[in-house]
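I opened the notebook to record what I looked up in this structure, entry by entry.

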Amino acid sequence: MLLHIDKVSKTYRRKSGDVCALQDVSLDLDAGEFVAVRGPSGCGKSTLLMTTGGLLGPDSGQILFNGKNPYELSPHARAEFRGRSIGFVFQQFHLVPYLDVLDNVLAPSLAVASTSNGVRDRAHDLVKHFGLMKRSHHVPAELSSGERQRTALARALLNEPQLLLADEPTGNLDGKSADTVLSHLQEFAENGGAVLLVTHDERAVPFADRVIHLCEGRIESNGS
Amino acid sequence: MSVWRLVVREINHRRLNFLLSLLSVTVGVACLIGAQTLLKADRVTTGQLLNDRQAEIEIAVAEKQKAVEKAGKELQDAIRKQMLGLGFNVLILPEDQELSELHLNGTMSATMPEQYVDKLAASKIVTVNHLLPSVTKRIHWDERDREIILVGTRGEVPILHRGMKKPLLAEVAPGKIVLGHEIHKQLELKVNDSVTLNGSDFTVSAVHSERGSVDDVTVWINLAAAQELLGMQNLINAILALECECSGDRISQIRAEIVSILPGTQVVEKYSQALTRAEAREKTKQSAEAALAAEEKAGQKLLTQERSARRQLEDRHAGFAAVLTPLVIFASLLMIGLLTFANTRQRTSEIGILCAIGLTTPKIMFVFLSKAAVTGLIGGLCGVGLGLTTGVLLGGLPSNGITLPDLFATGGLLTTVASAPLLALAMTGIASWVPALYAARRDPAAILQGD
């Protein structure tokens, strides 16, 4: 089991009142599996993703990645764990605006020590793989939404993570671009990686091995 | 991919933020270096100005001294000559000589031994400089049938305990005669004429111009000749003494000194005009010395005023720098801090994704502090250049002929300049630390969820 999420709860403490984002959420994910978590806005999908990615500690329950709880690691070790094992893709792309496509793809090498030639070759391969060769020296502002998301996807894959967490990656994309991105996620899973996709986009359903429905912080159906 | 590449790309992307930060550092460092350069320039300029002024004053005083000495010598010589024309200061007479006879008839009847003059010359008398023994008698010049005053003098008797001085009055040589103005005019005699005086032959060696005194009806011959002519062998009527240095208040001292050596004599002041002139000479000398002292004093006063003015200027600059420099540096720090903070706000999304892809808090801080270091280093170097230029121009160095190496040679400034880029690094580091820490500690989950 690559990922084991066990009764994870998370509540945001706000002045206007507590907001329960996750409530006893349990989920397992194996390597090579593509799981889509669907649900309406505000149902806790992004919180689940952040919690799974080691960015947001749960109030209760535990998350085990390869049997290890990342929240038991030091902040430094947890950051390193994220850099090596997890890739992130977001709806807003979160590309570094002043870096060109190639440098954005190379950005994770800042966190993980690796030989500069090896990582550069891999970045080139990824840029080529995602059809961005002609755009490799363009900054994000000069790219289309689809190209930006493919750049973000290439960046997420640079350090060959075991798990890819995608938060509404098709939210800002047209149908064709969305299909392209979803195809790449599926491809990643088929190559042995695990994908946890949170989305309310129905187009993702055909690409996922399993679809889970989340509503008001609870899993309503574990899918199949 | 390195942090430095990220920093350079970010600087290139957000040029305005970088330029403003650079400007802040440059201004802060320039203010510090400019103030230090200006203060150093003040000190060097002050030193140079005071040295120049001192030299000018010394030259002026030396010139004045030279002029005073020259004028003093000229005056002394002139007075000496005038005194020669005027006669002697004091007259030493036998105690029983009636002064009325001298004043009414211009002649003397009382006598004293000629050896008195030798005795006086051999004494340690300090107030009298020149001695002249003489006989003076009113006689009838038979060959010319007229009354004259005959003065026999043997010339100056050197005072033995002193070095020889140039005699004030030349001796009338034997066989020679010197005529007063009235005599030679009325008798139509001139130099080298031969005359017979009561049976003795003489040649006129000199004729005096008009003096308006008894000298005009006086005839001078050699003392021995006069003594023989008058039947006064080894006797004299008076010793004329010139006291070159004397002034009015010393006449009693001279009297006492002479009478103690030559008992049975009296000392009378002769020709008070001479004393007045001597006093005038003394006064002139004193006045010249006072003028010299005043020149020196004025020079010193000028120097003191200059030093005081320069000190005031330096103090004003130092006070200004003491207030302005910390203020500008503080404002620069604040500006850098605000710009870094604004930069972290602009880079919120970037911070979130850097956290997500595995950058640790120290590494994110390093990203921001690296940019601060680049800003600090470049700004520091620019600030040094700007500060030195400003300091040099404000300090007026080009017009004073002072160069930067002159300033560096005085020490201190070189250390400040050398350490300025490090100071700039520290400035930007300190100012950026809190914003960088704020950026590194931001919750990536909140950022990435678009909170």
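**Surface patch on chain B**

I began with Leu16(B), which is exposed at a relative accessible area of 62%; I use buried for under 20% relative accessible area, exposed for over 50% and partly exposed for what lies in between, with a 1.4 Å probe and protein chains only. I note that this is a predicted model, in which local features need pLDDT of at least 70 and side-chain atom pairs count only at pLDDT 80 or more, while totals for chains, interfaces and linings use all residues. Residues are numbered from 1 along each chain as its sequence is written, chains are lettered from A and ligands numbered from 1 in the order in which they are written, and side-chain values use heavy atoms, with hydrogens and water left out.

I placed Leu16(B) in helix 2 of chain B, where helices (H or I, at least four residues) and strands (E, at least two) are DSSP runs numbered from the N terminus. Together with Leu20(B), Leu23(B), Val27(B) and Met335(B), Leu16(B) makes a nonpolar surface patch of about 430 Å². Patches are made of residues with over 30% relative accessible area and no salt bridge, like charges being joined within 9 Å and nonpolar side chains (Val, Leu, Ile, Met, Phe, Trp, Tyr) within 5 Å; the areas come from the Shrake-Rupley method with a 1.4 Å probe, and for residues only the protein chains shown count as cover. Helix 2 (residues 15-86) of chain B gives the largest share of the patch, 4 residues.

**Domains and interface**

I looked up the domains of chain B, whose bounds come from an automatic or database domain assignment: domain 1 is 3-57 + 290-448 and domain 2 is 88-270. Their C-alpha centres lie 91 Å apart.

I then turned to the contact between the chains (heavy atoms within 4.5 Å), which takes 29 residues from chain A and 28 residues from chain B. The two chains bury about 2,400 Å² between them, 64% of it on carbon and sulfur atoms, buried area being the accessible area (1.4 Å probe) that two parts lose on being put together, summed over both. On the chain A side, His94(A), Tyr98(A) and Leu110(A) lose the most area to chain B, together 34% of what that side buries. I found 2 salt bridges across this interface, counting a side-chain nitrogen of Lys or Arg within 4 Å of a carboxyl oxygen of Asp or Glu. Asp103(A) and Arg5(B) meet in a salt bridge at 3.1 Å, N to O.

I checked Leu197(A), which lies in strand 7 (residues 194-199) of chain A and counts as buried because its relative accessibility is 0%. Beyond its neighbours within four places in sequence, its contacts include Phe34(A), Val35(A), Leu182(A) and Leu185(A).

Glu80(A) and Arg84(A) form a salt bridge at 3.8 Å, N to O, and both lie in helix 2 of chain A, 4 residues apart, about one turn of the helix. Glu80(A) is partly exposed at 36%, and Arg84(A) is partly exposed at 41%.

Arg122(A) and Glu160(A) form a salt bridge with closest N and O atoms 3.7 Å apart. This pair links distant parts of the chain, 38 residues apart, with Arg122(A) in helix 4 (residues 116-129) and Glu160(A) in the loop between helix 5 (145-157) and strand 6 (163-167).
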